[in-house]
Amino acid sequence: MGPNRGYLERPLSSRPGFVARTYVVGGRPYVSVYRTYSYRGAVYYRYMPRAYYHLGFYAWAYNPWQEPVYYTWGWRRERWYSYYGPYFTPYSAYPSAALWLTDFLLAENLRLAYESRQAADAPAQYSTQYEGPPGGPQNAAFALTPEIKQAIAEEVRQQLAAEQMAAAQPPSANFQQSGYSNQEAPPALDSKQRIFVVSMNLDVFAGGRACALTPGDIILRTGDMLDGGRVGINVLNSKPGDCPINSATEIEVSTLQEMHNQFREQIDAGLKTLADNQGQGGLPTGPPADPRQVLEAQAAPDLSAEAALLRQQQEANQTETEIHQGANTIQSNM
């Protein structure tokens, strides 16, 4: 997934159909559990939340707060934020948790995009269009619009409502409903889920040429599943150097489902931050969160994950070096 980020996936032998991913971010591991299921012959993953909260806490997060909250993010002085500042501007005040969570998840994706860009040797044309020194000027025409941020916030609210409904069910019901049959489409194809925040680096073809989508770009699903397990998308917002705004292309449904899973994980991470920091650092006080662990979503981290990911990165770097050396040798012999 990028420098100092990635995951190692293994099946859970005690829970058939479940897999655990040990993510490593900056040397720190954490675990997420997914349930696998099939649809039209392809295997998809569904994220399992590690905990549900008290119904009153979800209502507090879903509904407008009593008064807007003026919140100062800790990442305002970080390099990724100055780098992407003109693209992403956090709200000046938060009338609800949904808007706060929207900025929370956008910030996490842009942090990932920045780390990936810093690790890669950017093409010359990308450097002249966009990079410059971190914090340098960028074209304001690429900025995320208030309308698109509001649309993302609405999908956050839909997810909060879905989790509140799940939290109201007994644990056994959540376990039974966590899988899908072959007749049920992945959540990424739900008619209510149309806008996606890109959470991975993708190379696609749009307008007859190759271009990239990177974390923090925004796409719109324009259709349903096509032959071959792909789906049409349109680029709503993108950073300079990525696929142009309004360009159309196709991606794998499995890729779109991974974006949906990351969306859910980031919302849950934001909810945990709200639950753990109520009344602190400028956040309002709400009802007790009273988290209830989802037993099926618990797993121990794989302690070999960091070493395995480091080894994979070293092998990739070595392969890239060999390719460059071979290309240079061919050129010198011409």
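Reader: In the largest nonpolar core, which residues touch the most other members?

Author: The model is a predicted one, and its largest nonpolar core has 57 residues. Helix 3 (residues 97-119) gives the most to this core, contributing 12 residues. The members that touch the most others are Trp-80, Phe-88, Trp-100, Ile-218 and Leu-271.

Reader: Which residue of strand 11 does Val-197 stand opposite?

Author: Strand 8 and strand 11 run antiparallel and are joined by 3 bridges. Beyond its neighbours within four places in sequence, Ile-218 has contacts that include Leu-106, Ile-148, Val-197 and Val-235. The residue opposite Val-197 is Ile-218.

Reader: In what order do the 4 strands of the open sheet lie?

Author: The pairing in this sheet is antiparallel. Its edge strands, each pairing on one side only, are strand 8 (195-197) and strand 13 (248-252). Neighbouring strands are turned against each other by 40 degrees on average, direction ignored. The order is 8-11-12-13.

Reader: At about what angle does helix 7 run to strand 13?

Author: Two helices may be considered here. Helix 5 (residues 146-167) lies across strand 8, strand 11 and strand 12, at about 95 degrees to strand 8. Helix 7 (residues 253-276) lies across strand 8, strand 11, strand 12 and strand 13. Its angle to strand 13 is about 85 degrees.

Reader: Which residue in the turn between strand 3 and strand 4 has a positive phi?

Author: Strand 3 (residues 28-39) and strand 4 (residues 42-48) pair in the antiparallel sense over 7 bridges, with Val-33 having Met-48 as its bridge partner. The two strands form a hairpin with 2 residues between them. The residue with a positive phi, of about 50 degrees, is Arg-40.

Reader: Is Ser-96 buried or exposed?

Author: Ser-96 belongs to strand 7 (residues 94-96). Leaving aside neighbours within four places in sequence, Ser-96 is in contact with Asn-63, Pro-64 and Trp-65. Because its relative accessibility is 12%, and the cut-off is under 20%, Ser-96 counts as buried.

Reader: Where in the protein chain is confidence lowest?

Author: The chain averages a pLDDT of 86, and 88% of the residues score at least 70. Over residues 121-139, however, pLDDT stays under 50. Confidence is lowest, at a mean of 38, in helix 4 (residues 124-131).

Notes
Residues are numbered from 1 along each chain as its sequence is written. This is a predicted model: local features need pLDDT of at least 70, side-chain atom pairs count only at pLDDT 80 or more; totals for chains, interfaces and linings use all residues. Side-chain values use heavy atoms; hydrogens and water are left out. Buried means under 20% relative accessible area, exposed over 50%, partly exposed in between (1.4 Å probe, protein chains only). Contact means heavy atoms within 4.5 Å. pLDDT is the predictor's confidence in each residue, from 0 to 100. Two strands pair if DSSP finds at least two bridges between them. A nonpolar core is a set of buried Ala, Val, Leu, Ile, Met, Phe, Trp, Tyr and Cys residues joined through side-chain atoms within 4.5 Å. Axes are lines fitted to C-alpha atoms, for helices over the stretch in contact, and angles run from 0 to 180 degrees between N-to-C directions.
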